[in-house]
Amino acid sequence: YTASSVRLVLAGLGFAFHLLTAITQTICWSVIFFFSSAGASAAYLTISEVFPLEIRAISIAIFYSLGTAGGGLLGPVLFGELVSTQDRWRLFGGYALGSALMFIAACTELALGIAAEGKSLEEIAAPLSGTTDNNHFDDDDNNNNNNTSGLRSHSEIYLIGDDDDVSQDEDEVTTRQI
């Protein structure tokens, strides 16, 4: 977002000083949108990671609706008014506003962002329900599967029943690594 913020100001200045043609302006916007779309995608990914599973979907929906309302409703109205003035410097003010918002978003991520690389979602935001206790099951072989979150991986199956090689007690749940 920081790279897009700087590029947006430069493109705005180029536009205000009549240095850009329609083609070079389009090229500038393409480059700006290429970098800013990665920042916007990262924002949605961050939201999806920092909330517990049970409220993750609603948090993404709220974040998306606020972003859509801000950018999808206010942006066109603002820039429509700026374009209607036919003043390049007023339009540059709109570019500068967009640039400032992107820069603030980038600084916010730097200050408040969570390092999520290589971590499971449960490590970042523990579920509101469920266990994170590694000793929830008594099968020592399954507790040594390097799963530090305490939740079972998808490669484990749960067998319920009275198979001779699994358990003699119908109510006992036993896990086997596959």
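This is a predicted model: local features need pLDDT of at least 70, side-chain atom pairs count only at pLDDT 80 or more; totals for chains, interfaces and linings use all residues.
How far apart are the end C-alpha atoms of helix H4 (residues 88-112)? The legends below take up this point and then turn to other views.

View 1. Residues are numbered from 1 along each chain as its sequence is written, and side-chain values use heavy atoms, with hydrogens and water left out. The end C-alpha atoms of H4 are 36 Å apart. The expected span is 1.5 Å times one less than the number of residues. Helices (H or I, at least four residues) and strands (E, at least two) are DSSP runs, numbered from the N terminus.

**View 2. The N-terminal end of H4.** Asp87 caps this end. One of its side-chain oxygens lies 3.0 Å from the backbone nitrogen of Trp89.

**View 3. The buried residues of H4.** Leu91, Phe92, Gly94, Tyr95, Ser99, Met102 and Ala106 are buried. Buried means under 20% relative accessible area, exposed over 50%, and partly exposed in between (1.4 Å probe, protein chains only). Their cover includes helix H1 (2-16), helix H2 (22-50) and helix H3 (53-84). An α-helix has 3.6 residues a turn, so residues three or four places apart point the same way.

**View 4. The largest nonpolar core.** Ten residues make up this core: Leu8, Ala11, Phe15, Ala16, Ile32, Leu82, Leu91, Phe92, Tyr95 and Met102. A nonpolar core is a set of buried Ala, Val, Leu, Ile, Met, Phe, Trp, Tyr and Cys residues joined through side-chain atoms within 4.5 Å. Leaving out residues up to four places away in sequence, Leu91 touches Phe15, Phe79, Leu82 and Val83. Contact means heavy atoms within 4.5 Å.

**View 5. Ser4 in helix H1.** Ser4 sits in H1. Its relative accessible area is 0%, so Ser4 is buried. Ser4 touches Ile32, Phe35, Ser36 and Met102, again not counting residues up to four places away in sequence.

View 6. Cys28 is partly exposed, at 25% relative accessible area. Cys107 is also partly exposed, at 33%. The whole structure holds zero disulfides, a disulfide being a pair of cysteine sulfur atoms within 2.5 Å.

Notes. A polar contact is a pair of N or O atoms within 3.5 Å; within protein, one must be able to donate a hydrogen and the other to accept it, and residues adjacent in sequence count only if both atoms are side-chain atoms.
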